[in-house]
Every structure is written in structure tokens, then in C-alpha cells.
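Here are a few exercises to work through with the model open. Try each task before you read its solution.

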4 protein chains.
Amino acid sequence: MKKFYSILILCVASLSLSAQNKHVFPDVEGFLTLKGEMHIHTRFSDGDVWPTSRIDEAYLEGLDVVCITDHIDDRHRRMVKAGLFNCDLNESYRIAEKHGKKRGIIVIHGGEVTRGLPPGHFNTLFVTDNEPIAALNDAEKDHYKAMEASLTEARKQGSFNVWNHPHWSAQAPNETKWFPEHTKLYKKDLMDGIEIYNSCDGYSAEAHQWAIDRNLTLIGGTDFHSPVALEMNFNAGVLRPCTLIFSKERSVEGVKEALQARRTAVYGDGMIYGSEEVLTPLFEASLEMTDVKFHKRSCEITFVNRTNIPIILRKAPDSENVQYKRFLIIYPQETVKYWVGGSEYYGAPLKLDEFDLSFYVENFHTAPQKPLLYRVHLTRPQ
Amino acid sequence: MKKFYSILILCVASLSLSAQNKHVFPDVEGFLTLKGEMHIHTRFSDGDVWPTSRIDEAYLEGLDVVCITDHIDDRHRRMVKAGLFNCDLNESYRIAEKHGKKRGIIVIHGGEVTRGLPPGHFNTLFVTDNEPIAALNDAEKDHYKAMEASLTEARKQGSFNVWNHPHWSAQAPNETKWFPEHTKLYKKDLMDGIEIYNSCDGYSAEAHQWAIDRNLTLIGGTDFHSPVALEMNFNAGVLRPCTLIFSKERSVEGVKEALQARRTAVYGDGMIYGSEEVLTPLFEASLEMTDVKFHKRSCEITFVNRTNIPIILRKAPDSENVQYKRFLIIYPQETVKYWVGGSEYYGAPLKLDEFDLSFYVENFHTAPQKPLLYRVHLTRPQ
Amino acid sequence: MKKFYSILILCVASLSLSAQNKHVFPDVEGFLTLKGEMHIHTRFSDGDVWPTSRIDEAYLEGLDVVCITDHIDDRHRRMVKAGLFNCDLNESYRIAEKHGKKRGIIVIHGGEVTRGLPPGHFNTLFVTDNEPIAALNDAEKDHYKAMEASLTEARKQGSFNVWNHPHWSAQAPNETKWFPEHTKLYKKDLMDGIEIYNSCDGYSAEAHQWAIDRNLTLIGGTDFHSPVALEMNFNAGVLRPCTLIFSKERSVEGVKEALQARRTAVYGDGMIYGSEEVLTPLFEASLEMTDVKFHKRSCEITFVNRTNIPIILRKAPDSENVQYKRFLIIYPQETVKYWVGGSEYYGAPLKLDEFDLSFYVENFHTAPQKPLLYRVHLTRPQ
Amino acid sequence: MKKFYSILILCVASLSLSAQNKHVFPDVEGFLTLKGEMHIHTRFSDGDVWPTSRIDEAYLEGLDVVCITDHIDDRHRRMVKAGLFNCDLNESYRIAEKHGKKRGIIVIHGGEVTRGLPPGHFNTLFVTDNEPIAALNDAEKDHYKAMEASLTEARKQGSFNVWNHPHWSAQAPNETKWFPEHTKLYKKDLMDGIEIYNSCDGYSAEAHQWAIDRNLTLIGGTDFHSPVALEMNFNAGVLRPCTLIFSKERSVEGVKEALQARRTAVYGDGMIYGSEEVLTPLFEASLEMTDVKFHKRSCEITFVNRTNIPIILRKAPDSENVQYKRFLIIYPQETVKYWVGGSEYYGAPLKLDEFDLSFYVENFHTAPQKPLLYRVHLTRPQ
């Protein structure tokens with residue numbers, strides 16, 4: 001018997017580590033930058049991908065964390081079983097978790113409580129058993145009551161609860177609304193995070209603002225049901241939307257602590273969304289200033305983009321009297337020599353003994369439509 | 001002798017027609033969509049690329065038009081000659097034009113009149129002889145007078161005059177200003193177009209607004225001095241900024257007529273800028289609706305992106321009561337099946353006998369910060 | 001309920017049709033060129049991919065045919081069930097076949113009879129029920145007897161039988177041998193085809209020669225157990241090994257008729273293997289001669305590579321006295337202008353009124369180490 | 001004035017360091033691995049690329065050395081000047097050398113003595129003045145005498161002489177011949193190296209064998225006349241043919257010493273050609289064995305391909321009784337976990353305490369059709 005297994009391994013020997021379509025973000029001072037898929041489905045609800053493949057996909061895309069969030073109501077259980085499976089609603093997690101160990105992926109035990117809006121869909125992460133949660137959901141006709149009961153049971157298990165896709169075109173085709181039911185759940189401390197990005201309908205400015213106003217953790221998830229390669233255009237170089245989790249350690253506990261502490265940012269469609277506290281260190285690690293040379297009448301700065309996304313800079317108005325590109329895109333892994341000169345047009349000190357270099361980072365947003373402002377003061381060494 | 005030439009041809013036989021980093025835009029009703037490089041330098045001023053290579057670069061990137069716009073002042077003439085060349089200020093055009101015939105590229109005879117701001121730099125396109133223009137520029141100390149004299153001479157030759165990079169960080173490090181001198185030139189009818197995009201500093205919202213207010217032709221140029229592959233990151237898939245010229249024919253005259261008629265749009269960094277009159281037909285040709293199928297309770301629309309740039313759609317608020325993705329990016333050459341359903345959440349007619357599909361095209365802007373609104377009314381065939 | 005399903009469709013709307021890592025081969029005179037995966041595993045034996053994902057992978061790579069060939073012995077059945085599944089050994093086929101209809105993929109009902117060497121592993125394609133075949137295999141200790149019994153039962157069901165990976169490193173680490181047992185099965189007409197390519201160990205020259213000597217159908221399979229993206233380096237542009245099937249129609253019956261008629265070629269690692277009868281029309285369709293221009297003293301030929309693989313040409317010695325590149329690689333989708341001149345070095349008629357153009361196609365092999373010879377006679381039109 | 005120059009620099013700030021189409025080869029024990037373009041033309045003979053662009057092209061492709069080898073006869077001088085230039089036949093070198101300093105490229109002063117075959121074309125590298133060489137070439141009608149005179153003068157200047165493209169289709173359309181004239185030049189010690197690869201006609205097995213028999217330095221050159229992007233299909237991922245020079249230092253002198261010491265290998269179309277002495281250390285540095293783990297009954301070896309070319313391995317017959325993939329391609333920058341097991345089929349010691357791992361490296365050839373044999377003995381640590 002053993003022979004066969006060792007042989008099968010021989011056949012998966014060749015493994016690409018190429019960086020295309022792979023998330024690359026540096027760690028930041030004091031924290032690991034973990035890339036997480038927070039919302040995904042498998043064959044064990046209405047997805048058609050096996051849990052091991054979900055792990056392999058994440059592995060190839062450079063993700064560190066995968067939350068298994070199959071729908072956990074009875075309807076989906078019936079879809080799945082269809083006479084084929086003998087299992088409970090934790091099986092997809094079990095299979096994924098075992099395979100995750102092989103690939104070095106942190107797998108989170110979760111589920112999606114699925115109801116009409118309001119209150120809509122919620123993910124419950126870090127649960128221990130989906131069955132009692134599903135039972136409460138199935139037992140109750142009223143959307144709100146079923147959700148409150150389910151989230152309460154999940155909380156007993158220690159869950160972190162996320163309101164999914166408030167802007168989902170199927171439930172909110174035109175406007176994204178915060179309903180009184182959401183206030184209730186929020187007041188009962190049953191809502192910890194909110195999806196400000198979901199692949200069905202992209203980024204939601206409304207949800208982003210609510211998260212800021214109510215101090216909810218920013219979450220981005222794909223909600224994919226098919227293989228990733230069918231849901232995204234890899235050939236166009238697309239990177240999977242994900243949540244950046246700034247964690248003290250590479251573990252389930254580390255991820256949970258970071259989510260509870262609101263230390264996340266969301267990547268989607270080339271943009272990164274997060275608080276200024278979180279984005280400033282991420283930006284400084286992402287666009288490394290590897291060298292600064294003062295010349296007679298100019299200053300030469302070398303930047304290296306340490307990520308796999310373009311970084312877009314626009315000169316901020318408060319860096320007057322020095323001249324440098326007013327707009328620049330620094331592409332993935334690209335090194336740029338950046339020249340700063342004094343501007344005689346405004347009587348600047350041409351010797352450039354010291355100056356402020358400041359940018360708006362146009363694809364790092366701290367709030368809807370609000371780019372991160374980055375400023376550094378440079379002085380000529382004596 | 002001949003033998004040698006035929007042999008040399010044997011050595012350039014293998015020619016890539018691949019589409020990477022190549023501009024692809026469909027023609028529009030009644031016009032050819034010509035892609036133009038409107039501002040570029042060669043070894044005959046302060047660039048370090050031979051004119052034939054400028055043509056070959058354009059050929060490989062799918063451009064149709066190249067304007068040779070070397071600086072035409074005496075300073076640059078001295079730089080060039082440096083004991084090496086015997087030629088006048090029209091030589092780079094002559095060499096490029098001859099090579100352009102081989103590659104099927106339309107070459108425009110131009111030059112860049114180079115002065116401090118105001119008035120700054122102006123391109124004179126469709127001239128017949130740069131020498132007298134340069135002589136007038138060199139003869140005059142005063143920036144404005146030199147420019148007015150040069151543009152007047154160019155106009156005598158039938159030129160189309162463009163104010164280059166009003167936002168150039170070297171001359172306008174912080175703010176982009178329209179000076180009284182520009183009003184003078186404008187009133188004397190010596191300004192036909194304006195660069196709203198220049199690779200040094202990207203897009204200028206101010207210049208775009210001025211163009212709209214004063215009915216100036218929108219121009220985008222690269223202003224490249226080094227080989228394109230050194231100025232742009234081809235490996236990151238970047239496309240060269242260019243001007244889309246909607247021309248009645250593939251000829252110098254066609255290009256001139258289109259520029260004078262203001263039928264242009266500007267491509268840069270994934271965005272397209274142009275008037276609603278110009279962008280609406282371009283969008284309809286670019287995102288072709290190849291099929292519409294009405295199902296029992298939904299409608300399936302097939303879109304094909306006929307360009308090499310992503311097209312970014314956001315659902316417009318006026319398409320209420322039908323549900324479809326609120327945000328979608330359609331990647332280059334991608335085919336997308338787009339589903340529209342009735343939304344019971346707002347009591348929509350689930351049968352979907354007819355409906356408005358409407359989007360904001362987030363990367364087609366008709367004015368600063370103003371996306372093109374696209375609407376189509378679809379009716380179920382009886 | 002329905003609402004939910006229609007919504008899920010909304011989430012898989014964006015579908016890449018890009019050509020990267022996609023098989024592109026033109027049809028040939030009288031036949032469709034179907035690209036087939038002839039040997040693959042799913043979660044229903046020792047693979048860890050769900051059957052629907054196998055179909056989606058094939059769809060994205062431009063394949064037309066997928067043969068589901070899970071191991072069908074009791075050992076693997078036990079692996080699979082492990083208390084999880086309620087199904088027989090035909091379930092992976094049923095799931096794949098249903099999903100194949102959605103994607104337009106032809107799915108073949110098969111299985112892999114798995115024994116030690118000799119006789120090793122055999123695929124049985126076009127079966128109707130794997131259970132009785134497995135039962136016979138399980139019932140017999142002796143490798144040969146078990147195989148003969150299984151293949152005989154499969155044949156009763158109308159199967160096409162393939163000897164898999166004769167050169168598999170696990171069973172044939174150093175030399176590839178045809179055993180007396182294979183002669184027995186062959187004489188009993190239980191062997192129709194043979195794998196000359198298998199991803200575990202690549203191409204087998206020995207198997208290729210045996211196929212030629214015994215008129216066996218040439219088969220190439222991947223034998224993949226993990227997701228394709230883990231088994232192959234997509235980022236390096238690798239194309240999945242496959243079998244080209246020249247079929248009269250796009251159907252299971254068409255595929256079966258083509259296999260029985262030996263109308264196949266095998267693609268693997270940039271090479272194509274097949275008989276001269278099969279490769280000549282494939283080559284002529286793959287490298288289209290789109291234009292021939294006779295000039296005064298040379299001839300200009302335009303070739304277009306209609307495939308997604310490079311085509312490698314070396315001048316054949318029998319085209320003396322004309323000069324053209326002695327070696328040329330024409331890359332995927334590339335257009336090449338090819339120049340032919342008379343050679344005065346050998347007193348060739350410089351006027352080139354007519355001549356033979358002939359090549360060895362270095363990556364189309366009709367036998368081990370034997371490139372296809374292609375010759376065309378061109379005459380100057382009067 | 002200065003202002004303008006500093007500004008122009010601002011416009012070339014963004015510089016791609018991406019690895020696509022870039023040569024990547026590691027240094028080897030005791031030597032730097034310099035990648036050299038040994039044969040290229042500029043606008044100063046019959047090429048149409050400016051010398052600075054030749055340097056920029058090489059820079060972008062990761063080359064370290066560029067030999068400027070314009071034709072140096074009077075015919076080409078006339079072509080060039082055509083009333084445009086005032087210069088001698090060393091101008092292209094001077095321009096390239098100056099720009100090379102900016103880009104960190106070593107520029108070699110050379111020229112191509114151009115005559116009919118025999119003796120054909122020769123490159124003279126490391127010369128000090130092309131004028132006297134050209135004068136001798138122009139003064140003599142007889143091909144051989146002109147060549148001998150020119151090479152003798154070049155030698156006086158300290159040149160390294162290379163016989164170019166003996167298999168050039170224009171001069172040797174069918175067969176590649178070593179003429180008595182070549183014996184004469186060889187005996188007079190006027191031939192140091194020979195092109196075994198030239199882009200016009202690819203690899204020449206005959207030239208390779210002559211180099212081995214006569215201890216000539218292996219040289220590969222492109223002989224490009226147009227921009228590289230027109231001569232090669234970058235989009236297909238093609239790497240420029242080049243000569244790998246194993247040099248003691250990064251300098252003109254280092255390159256010259258290495259060429260004279262025959263320490264070169266030639267890259268072309270995915271193949272590397274060189275002596276066993278040269279290829280063995282190159283292979284060991286190129287395919288790094290980063291980890292070896294002995295398991296209970298198998299051994300797991302991690303290989304990393306440190307180059308930008310695929311490395312192709314075929315199991316060598318002398319590694320019997322252990323099982324591992326009989327064929328494997330390791331793609332650029334790829335990491336592969338490689339499994340070795342004992343084979344019970346041949347009564348191998350399953351415990352694998354020690355074994356030979358040996359391959360033929362199918363794309364590293366030490367002679368025509370002769371792959372490099374690589375063997376390593378691995379022992380289980382006690």
C-alpha cells in the first residue's frame with residue numbers, strides 16, 4: 001500500500017513559486033502581515049469546489065489564512081447531501097484544516113448564517129460547531145430572530161461576527177442601507193466586523209463609513225463559489241480581493257486577536273482601505289526608501305515597491321518650492337529613482353539643504369475618497 | 001551590393017504581432033480610431049533615440065501616428081551637432097517619415113518651441129520648415145514675444161499649436177496656472193490644443209477643464225526622450241499614453257482635420273478623457289453587446305471588451321428595481337455574461353419585460369471627476 | 001429558493017477567455033481537432049479535486065474532452081468512502097458529465113484498472129459501469145489474471161483500453177519493457193492504445209516505437225491527482241499535455257471512432273507526436289501560408305502560426321541552391337515574413353522562377369527522433 | 001541651462017527592474033558570469049539603431065557586455081555618412097562606451113571585416129582604431145588577402161578575432177564548410193573564436209565541432225541590425241542569444257582574458273553550449289540543491305532554478321535501483337521538491353542509506369547532441 005502513496009507524491013513534485021497573481025505584502029513593525037480569504041464556499045454548501053482545492057488555490061495565490069464559511073442552514077445541507085454525503089456541517093472545515101497543515105495555511109472554522117435582508121447574511125468565524133447554530137436558524141421563520149439566535153449561539157462558541165455584503169445587488173440592488181435590525185445586533189454586541197468589499201458588487205463606501213463610525217473591523221471577502229480561476233481573470237493579472245491581518249503571530253489565535261483589535265486592511269481592485277494607523281506603517285514597508293543621495297542642486301531618492309500592486313503617488317500641495325513628479329505610479333517590484341530639485345520659479349532655496357517630500361497615496365484610502373497623506377522630512381547630511 | 005541588402009532583410013524576417021502592451025481600440029461609426037504619439041524627442045534634440053527607432057517602437061505598440069517634436073532652438077541644435085551631424089532642424093522628421101512609410105505609420109512634421117513659463121513649451125504640428133521658426137525663437141530674449149513670433153511663423157506654415165504640459169513639475173511644481181500670456185496667444189488664435197496628459201506629471205485636471213471651457217483640442221503626449229522600454233514598465237503591462245484621433249481617413253490630412261475639429265480623446269494610466277460626443281460612440285464600440293437573451297425571470301447579456309484596457313462599470317442609480325452587479329471590471333479582450341434580474345425587494349416586475357441598463361463608466365471621463373453615463377433600454381422580444 | 005440560485009449565477013458572471021495556457025489547434029481537412037485529457041483523477045479515488053473542478057480546469061485550458069479515469073479497485077473505494085460518501089464507482093463520471101454539459105466539454109466514462117507491473121495500469125474508456133470491472137479486479141490476486149478479467153468485462157461494455165505509463169518511474173525506474181503479459185493482452189485484442197506521454201515521467205520513446213510497430217493508438221495523459229495549477233507551472237506558460245483527436249463530430253461517439261481509427265496525436269512539453277498521415281495536415285493547418293509574393297530576385301512568404309505552441313523549422317538539405325533561414329522558430333500566433341533568395345554561391349538561378357521550400361519540423365515527430373519533413377513547390381505566376 | 005538637464009532626468013525616473021526577457025545566470029566558483037552581446041550593428045553601418053539604444057536594450061535584458069561590431073568597409077562608411085555624419089569608423093564605439101558607463105555596461109571596441117566566403121565575415125574585438133583595418137580591407141580585391149591583412153592589423157592592435165556565422169544562409173545556404181582559407185588564417189593564429197550561434201540561422205553543429213577540435217572560443221552573437229524588440233518576440237518570452245563569459249573581474253580586461261582562456265558558453269533558443277569544464281560549475285550554480293531530507297523510505301531534495309531558462313533533466317541509466325522522475329523540466333526561478341524512493345521492482349535497498357542521483361541535462365550540451373551528465377552521491381546522515 002505505502003508504495004502507492006509515496007508514488008502519488010512523486011507526481012506532485014513540481015510546484016510553481018512564481019509571483020504572478022500572488023499577494024506580496026511586507027510585514028510591518030511589530031506585526032506579521034497575513035493575507036486572508038475571509039469568505040468562501042465549498043462543495044459542502046452551494047459551491048462546487050472541494051475544500052482541499054480551496055486551500056491549494058490560496059496557497060498558489062500567497063494567502064496565509066482561509067475562513068471556511070459554507071452556508072449552514074438546512075436548505076444547503078439538503079443540497080449537499082443529496083444522498084451523497086454522510087457528514088455534519090463541520091466537515092468542510094475538517095477537510096480544509098487537515099490539508100491546510102500540509103500547505104502551511106491557517107484555516108478558520110466558520111459558517112454563513114443566511115437570511116433575507118434585513119438582517120441579511122452574517123459570517124461567524126472561530127466557531128466550534130455549526131450544527132447548533134444551523135438548528136436555531138432553521139427553527140425560526142422571522143429573519144431577525146433567527147439571526148439573533150444564531151449569532152448568540154455562535155458568540156457562546158467564541159465567534160467573531162461579520163455582516164456580509166450590505167450592498168449585495170440581490171438584496172440591495174440600488175441603495176445600501178443600515179436597518180434598525182443592524183442597530184439591534186450592534187447594540188447586543190453581535191456584530192464585530194463588516195464586509196466593505198465583496199466580489200459580487202465590489203467596494204461599498206457606505207459600509208466603509210459605517211465601519212469607521214461604529215469601530216467595526218474592516219473585512220473583505222470574495223464569496224467565491226466556483227474555482228477562483230473561473231471567478232477572476234488571472235490572465236489579466238488580477239489579484240484576489242483579501243483582508244490584510246496585522247497579527248502578532250502566525251496562528252488562529254493571532255488572527256482572532258488581530259480581528260478583535262481592528263488591525264485589518266482590505267485589498268480589492270488595486271485599492272487598499274484601512275485606518276491611518278494601519279495604512280501608514282503598511283505604506284512605509286510597502287514603498288521602501290532604500291537610498292537618499294543629496295547632489296549639488298538636487299536630491300535622488302530610490303524607492304522600491306515591495307508589493308505586487310502598483311502604488312500611486314500624487315504630490316501633496318504642502319510640499320511647495322521643491323519640484324518632483326506631481327504624479328507617479330510605481331509598479332509591482334519596481335525600483336524607481338526619484339529626483340527632487342529646488343524650483344527657481346518660486347524662489348526656492350536651490351541648494352535643497354532640507355525639504356518635505358509629501359504625497360497623497362491615491363490607492364491607499366483611510367476613508368471613502370480619502371487618500372493616505374504621507375510626509376517625510378529629508379535633511380542634507382553635514 | 002544588392003545581395004547585401006536582401007540578406008539584411010533575411011535577418012529581420014521574424015516579426016512579433018503579439019498584442020501585449022499594444023493599443024487596441026475599435027473604429028467608431030464614420031471614423032477611424034487612430035492612436036497617436038503627439039509629443040516625442042529623438043537624437044536630433046536632447047533625446048537619445050534614432051528617429052527610425054521611434055517609428056519601430058510605435059509600430060510595436062500599435063500606434064498609427066507619430067509626431068516628431070524635437071526642440072528647435074539653437075541650444076539643442078548645438079547639442080546635436082557637436083561636430084557630428086550635417087543637417088538642419090527638419091532631419092529627424094525626414095528620417096522618421098521615410099521609415100514610417102515602411103511600417104505604415106503616419107509621421108507628422110513638428111517641433112517644440114521651448115521657453116520659460118509663461119508661456120512655457122508649445123508644439124507646432126504640420127509645419128513645413130522648422131528653421132525659420134527656430135530663428136525667430138532664438139532671436140528674441142523675451143519668452144512671450146519669442147513664442148508669439150514662433151507660433152505666428154508656424155501658423156503661416158499651416159501649423160496646429162499645442163500648449164505642452166501646463167502642469168510640468170519643473171515649471172509648475174505646485175499649481176497649474178493659466179497666465180495672461182496664454183490668454184493673449186489664445187485670443188490671437190495661436191493655441192489650438194493643450195496637453196491634459198504628459199508622462200512627466202500625468203493627468204492635469206486644470207488643463208482638462210480649460211480645454212472644455214475654451215474648446216481646445218484634448219492632447220496627450222509622452223514627451224519621451226529615452227527608449228520607450230526605459231520610460232515605461234512594459235513588464236507591468238503598461239500601455240503608452242496616447243491621443244485617440246477620430247479621423248475620416250488614414251492620412252496626415254485626416255489627422256489634421258480631426259485635430260482641428262476637436263475629435264480626440266486622451267488615454268493615460270488606464271483612463272480615457274474626452275467629450276461625451278466622442279466617448280459615447282467609443283464606449284459602445286469598445287464594450288460590444290454581442291448577445292441579449294431574455295429568460296423567464298432574468299436577462300442574460302454578453303459583453304465583449306474590444307480594447308486592451310480594462311473597462312470599469314458602476315451601476316447608475318437611475319436603473320432602479322432591477323438587480324445586476326453594482327460594480328464590474330471587464331478586462332482586456334474579456335467576454336462577460338452579465339445577468340439582470342428583477343428585485344422583489346423593491347416590488348420590481350419579476351418578469352422583466354423591459355428595463356433600463358445604465359452604468360457610470362468609471363474610467364471614461366467627460367470632465368474632471370465626471371464619468372461617462374451610459375444607458376440602454378432593453379425590451380423582451382414578443 | 002430560485003432567487004438564491006439566480007443570484008449565485010450573478011457571482012460567476014466574469015469569465016476569462018484569454019488564451020494564456022490555452023490549447024489552440026486548428027481543425028484539419030475533414031476533421032475537428034479535439035483536445036483531450038485522457039487520464040485524470042478526482043476526489044473519488046486518490047485525487048483531491050472535485051469532478052466539477054476537473055471540467056472547469058479543462059474549460060479554461062481550451063480542452064474539448066475529459067476522460068474520468070479514477071482508480072476502480074476496492075482499496076481506492078475504501079479511501080474515498082471513509083464514512084463520507086454514499087456512492088458507487090461511477091459517481092465521479094456522473095458529476096463530471098452533468099457539469100460538462102454546462103461548459104460544453106465532452107466527458108468520457110472511464111476507469112483505471114490498477115495492478116503491479118506486469119501488466120501495470122490500464123485505462124478503460126467508454127464503459128457503462130465500473131462496478132463489475134472493479135469486482136473482477138478485486139477478486140483476483142494474480143496481476144495478469146485480474147487485468148485480463150477486468151479488461152474483458154470492460155470490452156463487453158464497449159471499452160477502448162489503454163496501457164498507461166509503461167515507463168512510470170515507480171514501476172519501471174530504469175528501463176521501459178514490453179512484457180510477455182502485454183503480448184498476451186495484445187493478442188487477445190484487449191489493448192487498443194498506449195500512453196507515450198504521462199506527466200509523471202514525460203515522453204517514452206520505447207512506447208512510441210511499440211505503438212508504431214503494433215498499430216496502437218497514441219495516447220497522452222496527465223494522470224494528475226492535484227489541481228492542475230499545482231501540477232503545472234502556468235506562470236511559465238506551460239500547456240497541459242493532451243491528446244489531439246481528429247474527429248468527424250463533436251460527440252462521445254466521434255471521439256470513440258477517432259480513437260479506434262488511430263486518428264490521434266500527442267502533445268507534451270512543446271513536442272507533437274503522430275504519424276505522418278496525421279501530422280502533415282495538422283502542420284499545414286497550424287502554420288498557414290497566408291501570402292506568397294515573388295519579387296525580382298527573391299520570394300516573400302508570409303506564415304502565420306495558428307497554434308499556441310512554437311513551431312520550429314530547420315531547412316531540409318534537399319532544397320539546394322535557394323537561400324532562406326536554415327533555422328527558425330515561429331512563436332504562438334506569430335506572423336513571419338519569410339524571404340527566399342537565389343544563391344549565387346552555388347550558381348542558383350537568381351530569378352527564382354520556381355523552387356522547393358522544404359523543412360524539417362523539429363517539434364513534430366513521426367517516430368522517435370524523426371522530425372516531420374515538409375516540402376512545398378512554389379512557382380512564379382506568369 | 002543645467003535646469004533643463006536635471007529636468008530631463010526627472011522624466012526617465014521610472015525604471016523597470018522586472019525579470020521578463022532578462023538574462024539571469026548565477027556566478028560560478030571563482031568567476032563572474034558576464035552575459036555578452038558579441039555581435040551587433042548600429043546606425044553607423046547598416047543597422048538603424050543608435051548606439052545609446054543598443055546599450056539601453058542590453059541594460060533592460062540584463063546583459064553585462066556589448067561588443068560594437070559595425071561593418072568597417074568603405075561601402076558601409078558611405079552608406080552611413082550620406083552627407084549626414086562627420087565621423088570616423090570608431091564613432092559608434094565612442095558613443096556606446098560613454099553611455100555604457102551610465103548604465104554599467106562594459107562596451108568592447110570592435111568591428112566586422114566583411115568579405116565573401118571564403119573567408120566570409122570576421123569580428124575583431126578589443127581594437128583601438130578601425131580606420132587602418134578598413135583601409136587595408138578596402139585596398140584589396142581578393143577576399144582572402146584582404147581578410148588576412150585586416151586581421152593582421154587588428155592583431156597588432158591586440159584584437160581577438162572571431163569567424164562569424166560560418167553557416168549563414170546567404171553565404172552557405174546548404175552546407176557549412178571549413179575552407180582551406182580558414183586553415184590558413186587559423187595556422188597564422190588569426191582566428192581565436194567562432195560563432196556557433198548567430199540569430200540569422202541559429203545554432204551550427206559543424207561550427208561547434210570545429211571549435212572543439214581546434215580549441216576555438218565558443219561565441220554566440222545576434223548580428224541584429226534593427227531594434228531588438230523587432231528582431232525577437234519578447235511577448236513570447238524569448239531571451240536574446242548571448243555568450244556567457246566567466247571572468248575574473250568586471251572589466252574589458254577581464255572579458256578579454258576570459259575569451260582568450262576559452263572560458264565561455266553560448267546561450268541560444270533555450271540551449272546552452274560549452275565544454276564540460278565550463279558547464280558543470282554553471283549547472284551546479286544554476287540548479288541549486290537547497291535542501292536534502294532523508295525520510296524513512298525516501299529522500300526529498302529541494303532544487304531551485306536560479307536562472308531565467310528552463311532546465312531539462314532526464315534520469316541517467318547509471319542510477320539504477322532508485323526511483324525518481326525519469327524526466328523533469330524545472331522552469332525559471334521555480335522551486336521543485338524532488339522525491340527519490342527505493343524500487344522494490346529491482347530489489348533495491350528500500351532504506352536508501354545512500355544512492356547516486358544522476359541526470360542528463362538535456363539543454364546543456366558539451367558537444368553536438370551530447371547532453372551534460374550530472375551525478376551526485378547522497379548519503380543519509382548518521
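**Exercise 1.** Find how many residue pairs are in polar contact across the interface of chain A and chain B.

Start with the rule: a polar contact is a pair of N or O atoms within 3.5 Å, where within protein one must be able to donate a hydrogen and the other to accept it, and residues adjacent in sequence count only if both atoms are side-chain atoms. Applied across the interface of chain A and chain B, that gives 18 residue pairs, both residues at pLDDT 80 or more. Next, see which elements give two or more residues to the side of chain A that touches chain B: strands E8 (202-203), E15 (311-315), E16 (322-323) and E17 (327-330) of chain A. (Strands, E, at least two residues, and helices, H or I, at least four, are DSSP runs numbered from the N terminus.) Finally, sort the residues on that side of chain A: 15 are nonpolar, 13 polar and 10 charged.

A note on the ground rules: this is a predicted model, so local features need pLDDT of at least 70 and side-chain atom pairs 80 or more, while totals for chains, interfaces and linings use all residues. Residues are numbered from 1 along each chain as its sequence is written, chains are lettered from A and ligands numbered from 1 in the order written, and side-chain values use heavy atoms, leaving out hydrogens and water.

**Exercise 2.** Classify the ring pair A:Trp178 and A:Tyr186, then do likewise for C:Trp163 and C:Trp210.

Rings of Phe, Tyr and Trp (its six-membered ring) pair if their centres lie within 6.5 Å; planes under 30 degrees apart are stacked, over 60 edge-to-face, the rest tilted. Over all chains, the count is 80 aromatic pairs. For A:Trp178 and A:Tyr186, the centres are 6.2 Å apart and the planes at 75°, so call it edge-to-face. For C:Trp163 and C:Trp210, it's 5.7 Å and 0°, so that pair is stacked. The latter links distant parts of the chain: C:Trp163 sits in strand E6 (residues 160-163) of chain C and C:Trp210 in helix H8 (residues 205-214) of chain C, 47 residues apart. Both C:Trp163 and C:Trp210 are buried (under 20% relative accessible area; exposed is over 50%, partly exposed in between; 1.4 Å probe, protein chains only).

**Exercise 3.** How many residues of helix H2 (residues 51-60) of chain A are buried?

Count along the helix: nine of its 10 residues are buried, among them A:Arg54, A:Ile55 and A:Asp56.

Key:
Nonpolar A, V, L, I, M, F, W, Y, C, P; charged D, E, K, R; others polar.
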